[in-house]
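Here's a quick report on some strand pairing and a chain-to-chain contact. Have a look at the structure first, then read on.

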Number of protein chains: 2
Amino acid sequence: MKLSCEKNILLENINIVQKAVSPKSTLPILEGILLEADENLKLTGNDLELGIECTVEATIEQKGSVVLSSKIFGEIIRKLPNDIVNIEVEDNHHTTIKCGNSEFNIMAITASEFPELPSVQKEESALIIPQQKLRSMIRETIFAVGTNENKLILTGSLIEIENKELTIVSVDGYRLALRKEIIDHAEGQISFVVPGKTLNEISKIIKEDDQDIAIYTTDKHVLFEFDNCRIVSRLLEGEFLNYKQIIPAEHSLTVKASAKPLIDSIERAALIITSDNKKYPVRLNIEMDKIVISCITDMGNVQDSIGVETLGEDLEIGFNHKYLLDALKTCDCDEVLLEFNNSLSPCIIKPVEGNAFIYLVLPVRLRQE
Amino acid sequence: MKLSCEKNILLENINIVQKAVSPKSTLPILEGILLEADENLKLTGNDLELGIECTVEATIEQKGSVVLSSKIFGEIIRKLPNDIVNIEVEDNHHTTIKCGNSEFNIMAITASEFPELPSVQKEESALIIPQQKLRSMIRETIFAVGTNENKLILTGSLIEIENKELTIVSVDGYRLALRKEIIDHAEGQISFVVPGKTLNEISKIIKEDDQDIAIYTTDKHVLFEFDNCRIVSRLLEGEFLNYKQIIPAEHSLTVKASAKPLIDSIERAALIITSDNKKYPVRLNIEMDKIVISCITDMGNVQDSIGVETLGEDLEIGFNHKYLLDALKTCDCDEVLLEFNNSLSPCIIKPVEGNAFIYLVLPVRLRQE
C-alpha cells in the first residue's frame with residue numbers, strides 16, 4: 001500500500017472515525033483504524049455498536065489495506081507539519097509515514113480480521129434533514145437519556161416519523177425531553193430507538209450548516225450518510241415507553257416565566273445542597289404572579305423570588321433542581337410556559353408558542369414542616 | 001456584625017483569599033474564611049503555610065468578626081446578582097446574606113480559634129518590583145521546582161538579591177531554571193527559599209501590570225504586599241543547592257536554533273514514547289548546521305531534522321524530552337542558544353543575547369546500538 005494525501009484533510013477524518021474506536025477493547029484490532037487504499041483512501045473505525053467510515057481524497061500509488069493503532073496514528077498525524085503525508089506499508093507490515101523532514105516507522109496490523117460494517121440497503125425508506133436541524137434536536141433531548149443498563153431501551157432516544165413530522169424523545173424515568181420538527185423529506189411512518197452514545201457522537205460530527213444528512217434504517221441498524229461519511233449504528237431492540245401516555249393532557253395552573261431569572265433563582269437555591277447523597281428538593285411556591293423558590297438543608301436555608309405571570313390556583317411543589325435546570329437551560333428561548341396540576345403530578349415546560357419541545361419533570365414529594 | 005458591600009468587589013477578594021484556604025483540613029476552621037468588620041471588611045484565608053489577607057471596601061454598620069465556610073460563602077457570593085450584598089451575623093452565629101430578592105441563612109463559626117498570620121515587620125529590608133516582572137520570573141522558573149518531599153529545600157525556589165540584581169532559581173535534580181532581572185529598589189544582599197506552592201499562588205494573584213509589589217522577609221517568613229492584599233508564607237529552611245557550581249563555565253559546542261521548529265521536532269520524536277514507565281530518551285545528533293532528532297522505542301522509530309547554526313564538534317546526546325520541552329517552551333524568544341560539552345555533561349539553554357535566563361538539563365546516557 002502506498003499513498004499520499006494532505007495532512008489537514010487526513011487529520012479531520014481521523015478525528016471523525018476515532019469516535020467509533022474503542023480506546024481499550026478486548027479485541028485489540030478494534031483499537032485501530034482500518035485504512036483501505038483503492039480509488040481513494042477509506043478510513044474506518046468500528047466498536048461493533050457504532051461504525052464510522054470516511055472517504056479521504058488521496059493519491060493512491062499502490063492499493064492495499066491495513067490497520068494502524070488509532071492512538072499512535074492519530075497522534076503522529078496531528079503533530080505533523082501542514083504538508084503532504086506519504087504513507088507506505090510493506091508486505092511485512094512495516095509502515096513508514098513521511099512528512100516534511102519527519103519520518104516515522106511503526107508496525108501495522110493485518111486488515112483481514114477487521115470487522116465489516118453492517119450493510120444497510122439505501123433503497124429503504126429514507127429521512128433527509130439538514131445537519132444543523134438534526135444536531136439541535138439531538139442536543140436538546142439527549143440530556144434526558146437514561147443511564148440505567150437494566151432499562152436498556154431507555155438508554156437510547158426514540159426517533160419517530162409520522163405525517164412528515166420528526167419527533168425525538170428521551171425518557172429516563174424522572175423526566176422526558178421531546179423535540180418536534182416538520183421535515184420535507186420523510187416518507188411513511190417509522191420509529192426506531194438509537195443508542196444515546198451514537199446520537200451523542202453524531203451530534204459532535206455533523207456540522208452546523210444546511211447540508212443534508214440522510215438516514216436509512218433496517219430492523220437492526222441505522223445508517224447516517226452525509227458529506228464523505230457513513231455512520232452505521234445498531235438499534236436498541238424492544239418497546240419504548242409509551243411517552244404520549246405520561247404527558248398530562250390537561251393542567252390547572254399555567255406559569256409564564258423568563259427562563260434566565262428562573263434558572264438563576266433555582267441555581268442559588270440549590271447552592272446549599274452540598275452533599276450529593278442527600279437529595280434535598282428545591283421548593284417552588286407559586287402564588288399570584290410570583291414564584292418563591294426556597295430550599296432547606298442541614299447547611300441552612302435560602303429563599304428567592306421572581307415575578308411571573310400565573311393563571312390558576314396557588315401551588316407548592318418540590319423538584320430535584322438538576323432536572324429542572326437541565327430542561328430550562330436547554331430551552332433556547334427567553335420565555336417558557338410551565339404547566340402544573342398538583343404537587344404530585346409532573347411539570348411540563350413548553351415554548352410560549354408552537355410545539356417544538358416538551359420537557360416533563362416529575363416532582364419530589366415534600367415533607368410537611 | 002453587620003455590613004454591606006458590592007458583590008463584584010467581594011467576590012474578587014474571596015477568590016484571592018481562597019487560594020490560602022485548605023479544601024480539606026484536619027482543623028475544620030482552616031476550611032473557612034475569617035471576616036473582620038472594623039473600618040472596612042478584612043478577609044483572611046490561612047492554611048498555616050500560606051496566609052492571605054485582603055481589605056474590601058464596605059459599609060460597616062456593626063463591627064465584629066466571624067468565620068464562614070469558604071466553599072459555601074464563595075459559592076453563594078458567586079451566584080448572587082450584581083448588587084449590594086448585606087451580611088448580618090447575630091450573636092448566636094446565625095448569618096443572613098441578602099442580595100436582590102435572595103436571602104441565605106447559614107451558620108457561622110466563632111472567629112476566636114482562627115490562627116493569626118505571622119507578623120513580618122515592614123521595617124526590614126524590602127525588595128520592590130513591578131507585579132508583572134515578578135509574575136513572569138516566577139512562571140519561567142517554577143516548572144523546575146522539585147516535587148520530592150525528601151529534598152524539601154528543592155520544593156521551593158531560591159530568591160537572591162545581590163548588587164541590585166534579582167535572581168530566582170529552581171532545581172529538581174535533573175534540571176535547573178534561572179531568571180535574572182535588574183531591580184531598582186533592592187537593598188543589600190539577601191537570599192531565601194519560598195515554597196513552590198506559595199509562588200504558584202502568587203503568580204496567579206498578581207496582575208499583569210506595572211503596579212509594584214513589596215517583599216519583606218524575616219528568618220522564617222516572607223511578606224508580599226500589593227494593592228489591598230498581604231500574603232505571608234513560611235520560608236523553607238536549610239541550605240539550597242549551590243547552583244552556580246553545576247552550571248558549566250565552558251562549552252565545546254554551541255548551537256543557535258529557532259525555538260519553535262526545535263520544539264515541534266522533539267514533540268514529534270516523543271510521540272512514539274507511549275508508556276510512562278519506559279523512559280526512552282530522545283536522541284539529538286548534532287552535525288554541521290543541522291540537528292537530527294530521533295527516538296527508538298518498542299512502538300517503532302522516528303527521525304526528524306532541523307537546520308541550525310553550529311559552532312564546535314559533532315555530538316550525539318540523549319534527553320528526557322519532557323525536560324527539554326519544558327525549558328524550550330518557557331523561553332519567550334524566537335531563537336535560543338544551546339551549549340554542550342559532551343554526551344554526559346548538561347545542556348545549557350540561554351538567550352541569544354543577555355543573561356535573562358539559564359535553563360540546564362541533564363542528559364540521559366544512551367545505550368550504544
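## Around β19 of chain A

Ser258(A) stands opposite Glu335(A), a residue of β25(A). Strands here are DSSP runs of E with at least two residues, helices are runs of H or I with at least four, and both are numbered from the N terminus. Two strands count as paired if DSSP finds at least two bridges between them.

β19(A), residues 253-258, also has β23(A), residues 309-312, as an antiparallel partner, this time over four bridges. Here Leu253(A) sits opposite Gly312(A) of β23(A).

## Ground rules

This is a predicted model, where local features need pLDDT of at least 70 and side-chain atom pairs count only at pLDDT 80 or more, while totals for chains, interfaces and linings use all residues. Residues are numbered from 1 along each chain as its sequence is written, and chains are lettered from A and ligands numbered from 1 in the order in which they are written.

## Where chain A meets chain B

Chain A puts 23 residues into the contact and chain B puts in 22 (contact meaning C-beta atoms, placed from the backbone, within 7 Å). On the chain A side, α2 (70-79), β9 (102-107), α6 (259-270) and β22 (300-307) each give at least two residues. The largest share, seven residues, comes from β22(A).

By type, that side of chain A has 10 nonpolar residues, seven polar and six charged. Nonpolar covers Ala, Val, Leu, Ile, Met, Phe, Trp, Tyr, Cys and Pro; charged is Asp, Glu, Lys and Arg; the others, Gly among them, are polar.

## Pairing across the chains

β9(A) and β22(B), residues 300-307, run antiparallel and are joined by four bridges. In that pairing, Asn105(A) has Asn301(B) as its bridge partner.

Methods:
Two residues are in contact if their C-beta atoms, placed from the backbone, lie within 7 Å.
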